[in-house]
Amino acid sequence: MFDAIAGRYDFLNHLLSAGLDRRWRKRAIRSLALTGRERVLDLCTGTADLAIAALRSEPAAARVVGIDFARVMLQVGREKTQRERLGDRLALVRGDATRMPIAGASIDAVTIAFGIRNVDEVARACGEMRRVLKPAGRLAILEFAVPEVPGVSALYLWYLNHVLPRIGRAVSRHNDAYGYLPASIGAFASPDEFVKILRQAGFTDVFPTLLTFGTVILYTATRGD
């Protein structure tokens, strides 16, 4: 499914979020407080937008490794990497979030943008993130959520269930992908549940920050001892 929509994925992200996805990614990178020396892992990297944002921030990451299981998505990411001449600082690798080909305690920061809900074994992936992080390494995860404000919640659910799938199907020409999106958001752990999963995986200072009326949550955390 992800490979089938890879060619239109970036365009649809910008369109369906009214361009807010760029702002959300910048906020996630800012939360890492980079100094310019860090090695960052972008998990579920897709077409590498967040990985590239880490290399375009000021200060920027020294090097980024992006991992994803979708081959064509990574191909699109590599094309962007070549256009932006980032090949010496960004490596894109096909891999599994629950069995990452990364040495333990070798990464300064881990990021994910809207991908953790697509992982079958979320707790195991969180354990892997802790494994690869250095002590006191930082974590920033962006994920969609259903806002709790009554009026906003009703409007958001109407957009999510009726408007977004129609636009997504029309542009991507894929019948299932943008029906999967609202279903996966509804099936994912609640913010409180996900915070608990992160803590059980060994993260401390876990904090969810609501963005855009709570439609997106930025989870930040630190690897515990």
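Tutor: Helices (H or I, at least four residues) and strands (E, at least two) are DSSP runs, numbered from the N terminus. The model is predicted, so local features need pLDDT of at least 70 and side-chain atom pairs pLDDT 80 or more, while totals for chains, interfaces and linings use all residues. Residues are numbered from 1 along each chain as its sequence is written, and side-chain values use heavy atoms, without hydrogens and water.

Student: In which strand is the place of Ile 112?
Tutor: Ile 112 has Ile 141 in β5 as its bridge partner. The strand that holds Ile 112 spans residues 107-113 and is β4.

Student: Is Ile 112 buried or exposed?
Tutor: Buried means under 20% relative accessible area and exposed over 50%, with partly exposed in between (1.4 Å probe, protein chains only). In β4, seven of the seven residues are buried. Because its relative accessibility is 0%, Ile 112 counts as buried.

Student: Which residues are in contact with Ile 112, leaving aside its neighbours within four places in sequence?
Tutor: Contact means heavy atoms within 4.5 Å. One of the partners is Ile 141, which is also the bridge partner of Ile 112 in β5.

Student: How many bridges join β4 to β5?
Tutor: Two strands pair if DSSP finds at least two bridges between them. On one pairing, β1 and β4 run parallel over four bridges, and Val 40 stands opposite Ala 109 in β4. β4 and β5 also run parallel, and the number of bridges joining them is six.

Student: How much space lies in the largest cavity?
Tutor: On a 1 Å grid over the protein atoms alone, a cavity is a set of points where a 1.4 Å probe fits but cannot get out, and a pocket is an open set with protein on both sides within 12 Å along at least five of seven lines; lining residues have an atom within 4 Å of a point. Points are joined across faces, edges and corners, and a volume is the space filled by probe spheres set on them. The structure holds one cavity of 30 Å³ or more. The space in the largest cavity is about 210 Å³.

Student: Which residues that line the largest cavity are the closest to its centre?
Tutor: α1 (6-16) and α3 (49-56) each supply at least two residues of this lining. In α1, the buried residues include Tyr 9 and Asp 10. Of the 20 lining residues, the closest to the centre of the largest cavity are Tyr 9, Cys 44, Thr 45, Gly 46 and Asp 68.

Student: Which element gives the most to the lining of the largest pocket?
Tutor: The largest pocket holds about 640 Å³ of space. Of its 32 lining residues, Leu 16, Ser 17, Phe 144, Leu 164 and Leu 181 are the closest to the centre. With six residues, the element that gives the most to this lining is α6.
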